[in-house]
Amino acid sequence: MRGYRAGRLPGRQDWSSWPHYQAAAAGFRGYWYPVCFSSQVGEKPRPVTLLGERLFVIRDRGRVYGMRDRCPHRGVPLSHGDKQFPGTISCVYHGWTFDLETGVLKAAITDGPGSPICGKVTQPTYDVEERLGLVWVYVGDGERPHPIDEQLPEELVGNPAVVGQRIQARAGNWRFACENGYDEGHAKYLHRTALWRLFKPMPVWNTTSIVRRGRWIYRVQREQFWEADFPGLGRWSGTAWYKARPPRTVQNIGNTASHRRVNPTIAAQEFPGFASVGMPGVLRIVYPTFIHYEFYVPVDAENHLYVGMLADFSRGVRALPFYAKYLGAVRWLFHGQFSGQDKWMVEVTDAPPEKLYRPDDSLLRWRKLAEDTTEERLERLRAGNTD
């Protein structure tokens, strides 16, 4: 009987090489985040936790507003209140009533119309926008928010698209979710059992380079190896008799080649690689006929929202089959079972410490992008540039 033997576990013990990234357990400030579907916001407050901050969103005369979810009087959640007057929210406890746009205390109902506290309290508010059927909230540090269209994936601005979406509250830190999405190696192994991939060949391994273009970094496939002999172990294959044949050339629309014609809107973007990631944690996977997006929204250090979106850029009657395809198959195959495997991994990931390997260059480049982008923002704030 052999006793316990200590392993050899060198590696990175923390993320101090990227101090901003290490400190961003609850997310990066200075960005727009999707928090729910537009259809979920009505005349009653909807509580939201974003980047560790409790707020609520509410619709008034068609427009959505955001406000901190804590009455400054006694700390009761304002989301327990309601609208007693147009354009306001009243705390359920004593009737403190705040203007939804400015946050100014307009009335303290239980102190009468002449209450001297009115106008002396201003409740923090949040900038809110609606895009793509979602409500987006900006969390910053007093700076003027950049236009939301500057943050959305460029191809989603100005191009007609039909979308299928899923929002799911998930356990695990948002950084684990983002790193999993952009990770080079996991899809070939973890997802080999996914029904979405059942009839598709998958490479055993790739040679890949990371290319930056604008605010995105792309994984560019250089070589694909569909079978490999591992010394002393045997052969491992990503092919099978029931799968489609592997392509003869390397392509970067989809993680495997396809016979399908590339949609003109997608082709016009000239994406250098099929997988890209950008701040504050957005994954983009390009297929010939649609693009898949994942937005990793930090709730707090232990939880995040998974916002999955498929965009089809067909127009007119050609877009109609997308709804049947998404609701009938893609939603449960891709946003369900396939994505559920990622959900499982994010829940059980425990890093650092970590010992990375060659394909993890994608993670290192993502962390550097996040670090550099955050430092640029902080330099602007330190210089007093809040516009």
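Start by selecting residues 275-278, strand E15, together with E16: in this predicted model, the two strands run antiparallel and are paired over four bridges.

Now look at the turn that links them. The E15–E16 hairpin has three residues between its strands, and Gly-281 is the one to click on: its phi is positive, near 135 degrees.

Next, select residues 282-286, which is E16 itself. Is this strand enclosed or open to the outside? Five of its five residues are buried, so the rest of the structure largely encloses it. Buried here means under 20% relative accessible area. Side chains in a regular strand alternate between the two faces of the sheet. Show the side chains and check each face of E16 in turn: Val-282, Arg-284 and Val-286 sit on one side, with Leu-283 and Ile-285 on the other, and both sides are covered. Note that Arg-284 is among the buried residues.

Keep Arg-284 selected and hop across to its bridge partner in E17, Tyr-293. Then widen the selection to residues 291-298 to get the whole of E17, which pairs with E16 in the antiparallel sense over five bridges. These two strands also make a hairpin, this one with four residues between them.

For the last stop, go to residues 32-137, the span that an unreviewed UniProt entry annotates as "domain: Rieske". Colour by secondary structure and you'll find 0% helix and 44% strand there.

Definitions and conventions:
Residues are numbered from 1 along each chain as its sequence is written. This is a predicted model: local features need pLDDT of at least 70, side-chain atom pairs count only at pLDDT 80 or more; totals for chains, interfaces and linings use all residues. Side-chain values use heavy atoms; hydrogens and water are left out. Buried means under 20% relative accessible area, exposed over 50%, partly exposed in between (1.4 Å probe, protein chains only). Two strands pair if DSSP finds at least two bridges between them. UniProt positions are given in the numbering used here, feature names are shortened, and annotations may be inferred rather than shown by experiment.
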